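Thanks, everyone, for making time this morning. I would like to walk you through one structure, beginning with a strand and its neighbours and then turning to some charged pairs.

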Amino acid sequence: MRITIIGAGNVGATLGHGLARAGHTIAYALRDPSDPKYAPLRSHALLTTIREGVVQADTVLLATPWGAAEDALAAAGDFAGRPLLDATNPIGPGLQLTLGHSDSGAEQIARWAESARVVKIFNTTGRENMAAPAYGGAKSLMLACGDDDDARAIALDLARELGFEALDFGELRQARLLEPLAMVWIRLSIVLGRDFALGLLRRDGATSRDERG
Ligand SMILES: NC(=O)c1ccc[n+]([C@@H]2O[C@H](COP(=O)([O-])OP(=O)(O)OC[C@H]3O[C@@H](n4cnc5c(N)ncnc54)[C@H](OP(=O)(O)O)[C@@H]3O)[C@@H](O)[C@H]2O)c1
């Protein structure tokens, strides 16, 4: 699959490396693809402008700071129905969520990118777990929500290829829970450091709709 990642910072580059290793064709969509700081990424990916990157993609991943998301999506132009995987968290001053309860960052992303099929995913764990989701025999948990079944399935498959235990979390409005869950991870990282992940313990039979097939 051709995956374009908008933003090549901690999250974008980590997921890009992993997805390239899984066999996908990665492009990083950047404000300035000629910036020498991004040259090492040419080892596993193409570097392109934001608009061109979206045109060339099967699936797009957004990994910019929240404050840059609206501009990045405006630069992207028409998504023409492409899945848009939203890894951002709407964090503002004082490390607080700027949206919540009756709205979410993901729903705002969907309003800014009306022509995209938005899925919230990859926002609830640290970049270290994106690089290495396994803890011995256990897997870090990754939850995904979005209104389009196919786009959500694509996102869940990519998370599984990276090594996560990935679960379908329902419609996009469930991002109202996933974004506060990211704050739980961040709060725990202040207490524990970053070498931990959230996981799921289940008794036999506790399977989700997508796992039952
Ligand atoms: N860090 C984590 O562990 C983690 C975990 C889960 C979720 N998240 C969320 O993921 C998002 C990215 O976090 P990060 O830690 O990867 O940030 P980061 O390291 O600061 O990287 C941000 C990237 O976005 C690009 N960018 C900034 N403004 C842009 C714009 N207007 N248009 C296009 N690209 C722009 C930057 O490129 P330039 O070189 O052009 O500035 C950079 O490549 C945030 O929303 C964060 O809350 C982070």
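Before we look at the strands, one term: two strands are said to pair if DSSP finds at least two bridges between them. Please also keep in mind that what you see is a predicted model.

Let us start with strand β4, residues 59-62, which runs parallel to strand β1, residues 2-6, and is joined to β1 by four bridges. Within this pairing, I5 stands opposite L61 of β4. β4 also pairs in the parallel sense with strand β5, residues 83-86, over three bridges, and there L62 has D86 as its bridge partner. Between β4 and β5 the chain passes through helix α3, residues 66-76, in a β-α-β crossover that is right-handed.

Now to the charged pairs, where the count comes to twelve salt bridges. One of them joins K120 and E179, whose closest N and O atoms are 2.7 Å apart. This pair links distant parts of the chain, since K120 sits in strand β8 and E179 in helix α7, 59 residues apart. Both K120 and E179 are buried.

Another salt bridge joins D103 to R111 at 2.7 Å, N to O. D103 counts as buried because its relative accessibility is 15%, whereas R111, at 42%, counts as partly exposed.

Methods
Residues are numbered from 1 along each chain as its sequence is written. This is a predicted model: local features need pLDDT of at least 70, side-chain atom pairs count only at pLDDT 80 or more; totals for chains, interfaces and linings use all residues. Side-chain values use heavy atoms; hydrogens and water are left out. Helices (H or I, at least four residues) and strands (E, at least two) are DSSP runs, numbered from the N terminus. A crossover is right-handed if, with the strands pointing away from the viewer, the path from the first strand over the helix to the second runs clockwise. A salt bridge is a side-chain nitrogen of Lys or Arg within 4 Å of a carboxyl oxygen of Asp or Glu. Buried means under 20% relative accessible area, exposed over 50%, partly exposed in between (1.4 Å probe, protein chains only).
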